[in-house]
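Hi everyone, thanks for making time. I'd like to walk you through a structure, one kind of contact after another. Here it is on the screen.

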Amino acid sequence: MHYYSNIPRNYGSTIEPGDAMAWFPGCSVCYLRIPWAYLEPEEGVYNWSALDTPAQRWIERGGQIAFCITCSENWLEYATPKWVFDAGAKGIRWTWGKGPCADGKLVDPDFADPVFLEKLEKFLKAFARRYDGRPEVAFMDIGTYGLWGEGHTLMSSKVPQERMNVDVKKHIDLHVKCFPRTTLVISDDVSGPTNKSGNYPLLDYAREKGVGWRDDSILVANPPNSWYHADQAERYWRTLPVVLEHEHYLGSVQRGAWSQDLLVKSVEEMHASYMSIHGPAKKLLDENRDAIDKINLRLGYRFQLREASWPEVVHVGPDARPFTVNWTWANAGVAPCYADAFPCLTVKDGKGRIMAVLADEKFNLRELKVGAPGKAPPAAHAFECSLGRWSAPTFRPGAFDVYVSVGKVDGTPVYELPLPDSDGHRRYKIGTILFK
């Protein structure tokens, strides 16, 4: 959900105050894109509440947050705080549609100016102290270069692409330095919004640094230009996440560029892990429910347990023998899971207490291959377990419940599964076992 989409009233103001949109199917991330000037109006004086307030609404319900800090806007004179220029950073005045001009009403920084970069680094370090490495953070855009955080200046200060190819690297390096534990992504537009040449040096550099990719062009223009850079996504999606942002919904509809079928196709073609809600959320849902339901069955990864088996009776104690668990899993989504994901069986007694945790550490579901709708290739694995005299604690004979989960290598559940009978901790009952 684009809670802030540059202009703070877009689009969180279209939902009830305090609403975290649990009613919107699949809405798991609150996206906060906002100018730097809103967060540090005076040097060293921070307005973190602008982020923390909506963030906590999503976090409280088990969701995540994502960020983009911008330094250039077409609706705000100083998206980069004025005090940065007062401190000596070079600025470029410009007018929408004309570019640089002495009497322009808008100001871009010189994005490579050393004073600007020094102040920006101090801000990003302060930001990172609050949010870097937090599991609640889904991703962060590298949005400090160019108009709207999209990495281009074609409609603002018109920096030549040759210079951008040098200067944007400084912003990539700065974010990688300040946010070493956060998933970073960068806009396709840094190499040119309509560049289809296959020559994308900045994106190649970002990928080498472990930075993922986003495309802000979805359904901005009419077909055949509903998006430009599926070839870029092809370079990324197998190892790094793809984020898609469709055009402001109402504007796309008014221009005749909107298509539910193309929205679904963009997710399939670019193997997206995230898709935006970029407009009034309820209206978007009401008018596109079929497409949203289809996307939710495919977006990102979708772990499915196809089969699982284990012996009906297991002997425990000094004379116990190892036994084998067999299972088959598939990823029914369009993209990999980019973090480790190990399946696990957990044995519980009748009171819900954990008796055994059996994690399959040699079967990482992040390696599952993806396929076309309904054609996800399954992968089978067998792993040997033991509850013998070297296991702790000692088991009493009897019947116990068996739960399945996917998560960390130690059996800590992380991922929700499309299964009934959850224990409330992302473990799902799938059967019983008898200990003798």
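Let's start with a pair of charged side chains: D216 and R214 meet in a salt bridge, 2.8 Å from N to O. Before I go on, one thing to keep in mind: this is a predicted model. Now, are D216 and R214 buried or exposed? Both of them are buried.

In general, side chains of opposite charge can pair when their charged atoms come close. How many salt bridges does the structure hold? The count is 31.

Let me show you a couple more. D340 and R366 meet through their side chains in a salt bridge, at 3.1 Å from N to O. D340 is in the loop between strand 15 (323-331) and strand 16 (342-348), while R366 is in the loop between strand 17 (354-359) and strand 18 (379-385), so this pair ties together parts that are 26 residues apart in sequence. D340 counts as partly exposed, at 40% relative accessibility, and R366 is partly exposed too, at 30%.

E367 sits in the loop between strand 17 and strand 18, and with a relative accessible area of 55% it is exposed. E367 and A341 are 26 residues apart in sequence, yet their C-alpha atoms are 9.0 Å apart in space.

Another salt bridge joins E43 and K119, with the closest N and O atoms 2.9 Å apart. Why does this one tie together parts that are 76 residues apart in sequence? Because E43 lies in the loop between helix 1 (36-39) and helix 2 (49-60), whereas K119 lies in helix 4 (residues 114-131). E43 is partly exposed, with a relative accessible area of 40%, but K119 counts as buried at 11%.

Okay, on to the rings. Searching the whole structure turns up 30 aromatic pairs. Take Y46 and W48: their rings are stacked, 4.9 Å centre to centre, with 20 degrees between the planes. Y46 is partly exposed at 29% relative accessible area, and W48 is buried at 10%. Then there's W327 with W329, an edge-to-face pair, 5.9 Å centre to centre and 70 degrees between the planes. Both of those tryptophans are buried.

Going back to Y46 and W48, ring pairs link them into a cluster that also takes in W36, F67, W83, F111, F116, F123, F127, Y131, Y145 and F179.

The charged end of K348 sits over the ring of Y403, 4.8 Å from its centre. For R207, the charged end sits over the ring of Y236, 5.6 Å from the centre.

What about the surface? W96, L154 and M155 make a nonpolar surface patch of about 290 Å². One of them, L154, lies in the loop between strand 8 (137-141) and helix 5 (161-178).

Now the cysteines. How many disulfides are there? The count comes to zero. Look at C68: its sulfur is 9.1 Å from the closest cysteine sulfur, in C71, which is too far for a bond, because a disulfide needs sulfur atoms within 2.5 Å. C71 is in no disulfide either, with C68 holding its nearest cysteine sulfur. C68 is buried at 0% relative accessibility, and C71 is buried at 0% as well.

Last stop, the backbone. Most residues other than glycine have a negative phi, and most peptide bonds are trans. L219 has a positive phi, near 65 degrees; L219 is in the loop between strand 10 and helix 7 and counts as buried, at 0% relative accessibility. R426 also has a positive phi near 65 degrees, and R426 is in the loop between strand 19 (398-407) and strand 20 (428-435).

For the peptide bonds, P223 and P224 are joined by a cis one, with omega about 10 degrees. P224 is in the loop between strand 10 (212-218) and helix 7 (230-236). The bond from N10 to Y11 is cis too, with omega near -5 degrees, and Y11 lies in strand 2 (residues 7-11).

Definitions and conventions:
Residues are numbered from 1 along each chain as its sequence is written. This is a predicted model: local features need pLDDT of at least 70, side-chain atom pairs count only at pLDDT 80 or more; totals for chains, interfaces and linings use all residues. Side-chain values use heavy atoms; hydrogens and water are left out. Rings of Phe, Tyr and Trp (its six-membered ring) pair if their centres lie within 6.5 Å; planes under 30 degrees apart count as stacked, over 60 as edge-to-face and the rest as tilted. Buried means under 20% relative accessible area, exposed over 50%, partly exposed in between (1.4 Å probe, protein chains only). A charge sits over a ring if NZ of Lys or CZ of Arg is within 6 Å of the ring centre and within 35 degrees of the ring normal. Patches are made of residues with over 30% relative accessible area and no salt bridge: like charges are joined within 9 Å, nonpolar side chains (Val, Leu, Ile, Met, Phe, Trp, Tyr) within 5 Å. Accessible areas come from the Shrake-Rupley method with a 1.4 Å probe; for residues, only the protein chains shown count as cover. A salt bridge is a side-chain nitrogen of Lys or Arg within 4 Å of a carboxyl oxygen of Asp or Glu. Helices (H or I, at least four residues) and strands (E, at least two) are DSSP runs, numbered from the N terminus.
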